[in-house]
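Subject: Structure for you to look at

Hello,

Please find the sequence and the structure below. My notes on what was found come after it.

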Amino acid sequence: MTNLTLGRTDRYRPRKKRHFKVHPLIWIAMWGYAAISAVPLLIMFLNSFRSSAELIANPWPFTTSPTIENYVNAWTQASFATYVGNSVIVTVGAVVLSTAVSLPAAYALSRWQFVGNRLLQALFISGLMVPMMLAILPIFYLMDSLNLIDSPLSLILIYGANGVPFSIFVLSAFFRQLPVELEEAASIDGSGYFRTFLQVMLPLVWPAVATVAVFRFVPIWNEFLMPLVLLRSRENYTISVGLTTFFSEYETDRASLFAGLVIATIPLLILFILATKQIVQGLTAGLGK
Amino acid sequence: MRLASKGGSARRVPLRVVVLFILPAFALFAVFLLFPLLQAVSYSFFDWKGTRQQGFIGIDNYIRLFTDLPFSEQIPRALGHNLLFFAGTVVLQNSIGLFLAVQLQRFKRMRRLFQTLYTTPYLVSPLVVGYLWSLLLSPQFGLVNEALRVVGLDALALPWLGDPTLALPVLILISVWQWMGFPVLLYGAALGGLPVELNDAAAIDGANGWKRFRYVTGPMLTPVIGTVSILTFISSMEVFTLAYAVGGSTGSPAGATDVLSLLFYRVSFQSGLIDALGLSSALATLMLIFIFGGAVLATRLLARQERKLS
């Protein structure tokens, strides 16, 4: 290619302008899909402020007299306060547990050479591809023998274990990028393995820890089978099992159903607003291989 | 996939230090995931009376899954539903998702807004998604049919989730709706990382938009399309929560939305059989081989394809 041709194309197709030349049909398609994505959730939100009588009389989600009665119902009578509290305990506990054990393991696997390193890596990585639900019966008997049936601790342990492969995978990718000189310098200064890990390496991977935590939070918050099988009493229910109970008990009170759905969604929405940066970073980091 | 650095620190670390660093993660993983999984596999070769293990019976449990009713009927049906689920999701995600991601490259200021809007359904629990769509699609008071009637499409106001022929396609569409943000974000990130020069060079050579996509951008996206498809395979094979919310544990109407994980749940907890433990473990083992084997095989194929391209 000669400079001449390049010069010509530059004149006829200025780079900057291309971003704004969008065909009207494309514009419609983009907004159309945006509406498909967002409108059902908007309807859920709007309907949660209407009374049951209004919902039956008029299916359109608009009201002149919004009410928060549905939320009061769901939060107090239908024990959503308890469910949300349990879900927070289980989710935070499991994320903290799996991140805490995965950090030293990811560090050792990605930076030290030792016999069996490859095998352990293969084992942890294969853990990414197995559905934990298939182990439900042995897990049930294990929890039974540990007297942990109907206890939030059982869920923390299971979700914690299930988070180990993913956490090690992501954290290793970050540890690997750190320069070797850091450890060498620390070792010359007389720092032992533990101090080097805790005081030199750990502070450098905090952004990765945030990414891992955010990405584990969503599936654990939403998980449904384990609490369905392992929890017995209502005061221990997490939000997902609580929601199914609520749906069978409040079947006729549609307005409260919508409020329940919104309550189950809000914590994830808050997380998303707080951590959009981590989510985007995490997705792009995964692509870097 | 390898975690260790290539050159990196070849430091000889004492074994006891290595063990101290790795043992907590390994113990947690082994006790609460790996060991129970292996146990499920071993359970499948024994006869069971409730929770008491009887004699070793070889592959009898497996044979029963394929010869005894209702399993011999329900397993192929559920597997077929899972495969349709995968096919539908993969086609729609890779066409609509790729289209949206490619078009988003043209937007600058609006890109973040569109990405956020497309991603919001992913944040909502599959349980909430299932219940919400059941309410919206309800024939009596659902908004979808009301909207269809208002615009004069009364004939299309169908009982979407009540009709056995419609229920599975609708379930697939709901799932695609929920997950669309994921391919859009991933493809967007991959497209953003491609060198602009290649596309420009092709444009100078006179390639139009479609040709540029077909011969330049498309092939360079093969790895990420493969990754998305493999993840879709795994999630389609283990779909449980959404199906449970829409059709309950029996996959109503009339088993039209029954999938393998629902069947596994029923065999494990609702069959009432005295040897349910052996049968459900056999089913779990088959699903494990199928999902894990399929994912590993696809990863291998993808790696080979990538080597060919580079």
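S79(A) sits in the loop that links α4 (69-77) and α5 (80-111) of chain A; helices (H or I, at least four residues) and strands (E, at least two) are DSSP runs, numbered from the N terminus. Although S79(A) is not a glycine, its phi is positive, about 50°.

Before the rest, some notes on conventions. This is a predicted model, in which local features need pLDDT of at least 70 and side-chain atom pairs count only at pLDDT 80 or more, while totals for chains, interfaces and linings use all residues. Residues are numbered from 1 along each chain as its sequence is written, chains are lettered from A and ligands numbered from 1 in the order in which they are written, and side-chain values use heavy atoms, with hydrogens and water left out.

Two loops of chain B hold a cis peptide bond. One such bond joins L69(B) and P70(B), with omega about 0°, and P70(B) is in the loop between α2 (60-67) and α3 (71-104) of chain B. Another joins S252(B) and P253(B), with omega about 5°; P253(B) belongs to the loop between α11 (241-247) and α12 (260-269) of chain B.

Next, the domains, whose bounds come from an automatic or database domain assignment. In chain A they are domain 1 (17-69) and domain 2 (78-249), and their centres, taken over C-alpha atoms, are 36 Å apart. In chain B they are domain 1 (15-60) and domain 2 (75-309), with 32 Å between the centres, again over C-alpha atoms.

How do the two domains of chain B meet, and how many residues of each are in contact? Contact means heavy atoms within 4.5 Å, and 11 residues of domain 1 of chain B touch 8 residues of domain 2 of chain B in this sense. About 740 Å² is buried between these two domains, 73% of it on carbon and sulfur atoms. Buried area is the accessible area (1.4 Å probe) that two parts lose on being put together, summed over both. V41(B), S44(B) and W48(B) supply 47% of the area that domain 1 of chain B buries against domain 2, more than any other three residues.

Between the chains, 102 residues of chain A are in contact with 101 residues of chain B. The area buried there is about 9800 Å², and carbon and sulfur atoms give 79% of it. M30(A), M129(A) and L134(A) supply 8% of what chain A buries against chain B, more than any other three residues. Here too the rule finds 0 salt bridges.

Last, a hairpin in chain B. Strands β1 (residues 46-49) and β2 (residues 52-56) of chain B run antiparallel and are joined by 3 bridges; two strands pair if DSSP finds at least two bridges between them. K49(B) stands opposite R52(B) in β2(B). The hairpin has 2 residues between its strands, and G50(B) takes a positive phi near 65°.

Regards

Definitions and conventions:
Salt bridge = Lys/Arg side-chain N within 4 Å of Asp/Glu carboxyl O.
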